[in-house]
Amino acid sequence: MNSSDSFPSRGAMPVCILLSVHNGATFLADQLRSLVQQTHQDWALIWRDDGSTDDSARIVQHFADTQPVGRCVQITRITERLGVARSFALLLDQVPDGHLAAFCDQDDVWFPDKLERAAQALLPLHATGRPALYCSRQVLTDAALARLGLSPLLPSAPTFSMALAQNIATGCTITLSPAAIRLVRAAMPPPARTLHDWWSYLLVSGADGQVVTDNRPSLYYRQHQSNAVGAPAHVAARALAAFRRGPGPFMSAFSTNVAQLLCHADLLSDRNTATLTTLQQALAIRGPAGWLARFRVLRRLPGLRRGTRAEQMVFRSWFLLG
C-alpha cells in the first residue's frame with residue numbers, strides 16, 4: 001500500500017498516524033478512543049500487527065470497522081515480527097506525498113489537541129522545503145493513568161551535537177513534515193541499538209532541518225512493566241539508571257550512530273558531516289592519546305551535551321573513556 005488514492009483528502013496538511021501493535025490489548029482501546037477525539041480530524045490511521053499473540057489485531061480491526069471507509073489501512077505485506085524500529089520504518093514507507101506522519105504508541109492516551117498543535121507548528125515550515133520534526137513533553141503516568149510527573153523540559157533550539165549525545169524526541173510525540181518523511185525514509189532502518197525516534201531526530205537535525213519542541217505535554221505516557229522503553233520521572237532516577245547501565249551500551253550505540261550517519265553523509269549538511277568525521281577519528285584512537293583526543297573534541301564541541309548536570313557528568317566520563 002503506497003497510494004494517496006487510499007486515503008480521504010479533507011484539507012491542508014493531512015496526518016497519517018502510524019501505529020505498530022504488539023501484544024497491546026490491555027491499553028489499545030484507550031489510545032484508539034483518543035484518536036477519535038482529536039480536534040484535527042484530517043487524519044488516517046496506517047497500522048500493522050507486529051506478531052501479536054493477544055487480541056491486539058482484533059481490537060484495531062474492530063475500531064477500523066467503526067470509522068469511515070479508507071480512514072484505517074492495515075499493512076499486511078510483511079507479517080513476521082520486525083521489532084519496533086523496523087515496523088515503524090515499514091509504516092513510514094506507506095505515507096502518501098503531502099501528508100504529515102505521527103508516530104503512535106499502543107499504550108498512551110493523546111490529548112485532544114495533539115495533532116492540531118503539531119500540524120499548526122509544522123504548517124509554516126512545510127513551505128520552506130526544509131525537513132521539520134515536532135515533539136513535545138509528556139505527562140508520565142502509571143498503568144492506571146495516575147499522574148507520576150512530567151517528562152524533562154525540552155530545549156528551545158536543539159542542535160545536531162545535542163542530538164548525538166541524547167534523544168529528547170520521544171517517539172510517541174513526534175510528527176514529521178513531508179520533507180522529513182522523505183529524509184528519514186532514505187536512511188531507514190536505523191542502527192540496531194537506535195529506535196526510530198532518535199534516528200529521526202538525528203537525521204532532521206543533521207540535515208539542518210527544524211526541530212520544533214513543545215513544552216506543553218501532548219499525551220499521557222504510561223509507565224508499566226511492558227514498556228518498550230519507558231521514562232523515569234525524576235532526574236536522579238534517570239542519571240542513576242544510566243550509571244548502572246555503564247558506558248558500554250551507550251558508547252556502542254553512539255559510535256554506531258556516528259558511523260551509520262556517515263554512511264548517509266549525502267543527506268546531511270557539510271558542517272555536520274565534518275563533526276561526525278571528527279568524532280569518528282577521536283573514538284578510533286585508543287589509550288591515553290585517545291583520551292586527549294576526545295577531551296579536545298569536548299572542548300571544540302560544547303554542544304555535545306546532555307540535558308542535566310548529572311547526566312552531562314556521566315556522558316563526559318563515558319565519552320572520554322571511549
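Which element gives the most to the lining of the second largest pocket? It's H10, with three residues. Before the views: this is a predicted model, where local features need pLDDT of at least 70, side-chain atom pairs count only at pLDDT 80 or more, and totals for chains, interfaces and linings use all residues. Residues are numbered from 1 along each chain as its sequence is written, and side-chain values use heavy atoms, leaving out hydrogens and water.

**View 1. The second largest pocket holds about 270 Å³ of space.** Its lining counts 15 residues, with Pro158, Thr159, Phe160, Asp208 and Arg271 nearest the centre. (A pocket is an open set of points on a 1 Å grid over the protein atoms alone where a 1.4 Å probe fits, with protein on both sides within 12 Å along at least five of seven lines; lining residues have an atom within 4 Å of a point. (Helices, H or I with at least four residues, and strands, E with at least two, are DSSP runs numbered from the N terminus.) By class, the lining has nine polar, four nonpolar and two charged residues, with Gly counted as polar.

**View 2. Seven strands make an open, mixed sheet in the order S3-S2-S1-S4-S9-S6-S10.** Strand S3 (72–74) and S10 sit at the edges with a single partner strand each, so one side of each has no neighbour in the sheet. (Strands pair if DSSP finds at least two bridges between them.) S6 and S10 run parallel, joined by five bridges, and Cys135 stands opposite Thr213 in S10.

**View 3. Helix H2 (residues 56–65) packs on the sheet, touching strands S1 (15–21), S2 (43–49) and S3.** Its direction makes about 155 degrees with that of S2. (Angles run from 0 to 180 degrees between N-to-C directions of lines fitted to C-alpha atoms.) H3 lies across S1, S2, S4 and S9, at about 150 degrees to S1.

**View 4. Ser56 is in helix H2.** Ser56 counts as buried because its relative accessibility is 0%. Leaving out residues up to four places away in sequence, Ser56 touches (heavy atoms within 4.5 Å) Val21, His22, Asn23, Gly24, Ala25, Leu28 and Asp49.

Key. Points joined across faces, edges and corners; volume = space filled by probe spheres on them. Buried < 20%, exposed > 50% of the residue type's maximum accessible area, 1.4 Å probe, protein only.
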